[in-house]
Amino acid sequence: MKSMAGRDAARSVASGMRLGLGTGSTVACFLEHLGARIAHGELSGVVGVPTSVRTEKHARGLGIALSTLEDVGSLDLTVDGADEVDPGLDLVKGLGGALLREKMVAQASDRMMVIVDESKLVGRLGEIAPLPVEVVPFGHGCHMGWLRGLGAEPGVRDGGNGHPYRTDNGNLVVDCRFPGGIEDPAGLERRLAGRAGVVESGLFLGMATEVVVAGAEGVRRVARS
């Protein structure tokens, strides 16, 4: 299903586009199909801005030309995955650890296309996936009680070998579970944005313009109304 969604998204890319390249397993499928189109001469002049070191390495290996957000200034389209998509096309993202860069790239884009399999569709954000919250290492433990006060069950993400996970920015990620889902995503986002030490959250509200959903019956597209 991920390959189906990636192939469908790659068909939306036109020559000369400036693309935001997301992070994750579904985006990896998109990159493979995009790289194949470029290698076969179907596309030219496509430039991508990767949202993680992992995506950068993958894209370079496929012969996709890359640039930086500073150099391109604005993007025509960002293609990214999501951990959850609600009926209004709001998202939870960040289980791949690239939420800050993903949001920066998405907000610089004219359009954001999200590619998922149907298991990522939820009635309310937070029903299945935890909400990642990126925090600076200094004093990070002070956020735990505050996050519990917001209804979360927080835990610092484990990076293995007894060390916490570090983002490409050197920060930590606190994964927050919300039993029953997030009642007020917009209100929660405002609270998180106003908290010193919190860098970014995985709430992507009002950003996706279109979602490509792959399921057992094929691929369908849902556009923001």
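Guide: Let's start with the cysteines: this is a predicted model, and a search of the whole structure turns up zero disulfides. A disulfide is a covalent bond between the sulfur atoms of two cysteines. For C176, the nearest cysteine sulfur belongs to C142 and is 13 Å away. The cut-off for a disulfide is a pair of sulfurs within 2.5 Å, so C176 is in no disulfide. C176 is also buried, with a relative accessible area of 1%.

From there, let's move to helix α7, which covers residues 185–193. Its buried residues are P185, G187, L188, E189 and L192. What do they pack against? Their partners are the helices α5 and α6 (143–149), together with the strands β8 (131–135), β11 and β12.

K103 sits in helix α5, residues 99–107. Is K103 buried or exposed? With a relative accessible area of 8%, K103 is buried, because the cut-off for buried is under 20%. Leaving aside residues up to four places away in sequence, K103 touches E189, E200, S201, L203, F204 and M207.

G202 lies in the loop that joins β11 (198–201) to β12 (203–204). G202 is buried too, with a relative accessible area of 0%. Again not counting residues up to four places away in sequence, the contacts of G202 are L91, V92, K93, L99, L131 and P132. For a sense of scale, G202 and G162 are 40 residues apart in sequence, and their C-alpha atoms are 24 Å apart in space.

Finally, here is a helix pair to set beside all this. Two packed helices are described by the angle between their axes and the distance between the axes. Helix α2 (residues 25–39) packs with helix α3 (residues 53–61) at an angle of about 20 degrees, and their axes are 10 Å apart. Angles under 35 degrees count as roughly parallel, and α2 and α3 are therefore roughly parallel to each other. The crossing of α2 past α3 is right-handed. On the α2 side the contact is made by A28, L31 and E32, and on the α3 side by T55, H58 and A59. By type, the residues of this contact are three nonpolar, two polar and one charged.

Key: Residues numbered from 1 in each chain as written. Predicted model: local features only at pLDDT ≥ 70, side-chain atom pairs only at ≥ 80, totals over all residues. Heavy atoms only, no water. Axes fitted to C-alpha atoms, helices over the stretch in contact; angles between N-to-C directions. Helix = DSSP H or I, 4+ residues; strand = E, 2+ residues; numbered from the N terminus. Parallel < 35°, antiparallel > 145°, perpendicular 65-115°, else oblique. Left-handed = near helix turned anticlockwise from the far one by under 90°. Contact = heavy atoms within 4.5 Å. Nonpolar A, V, L, I, M, F, W, Y, C, P; charged D, E, K, R; others polar. Buried < 20%, exposed > 50% of the residue type's maximum accessible area, 1.4 Å probe, protein only.
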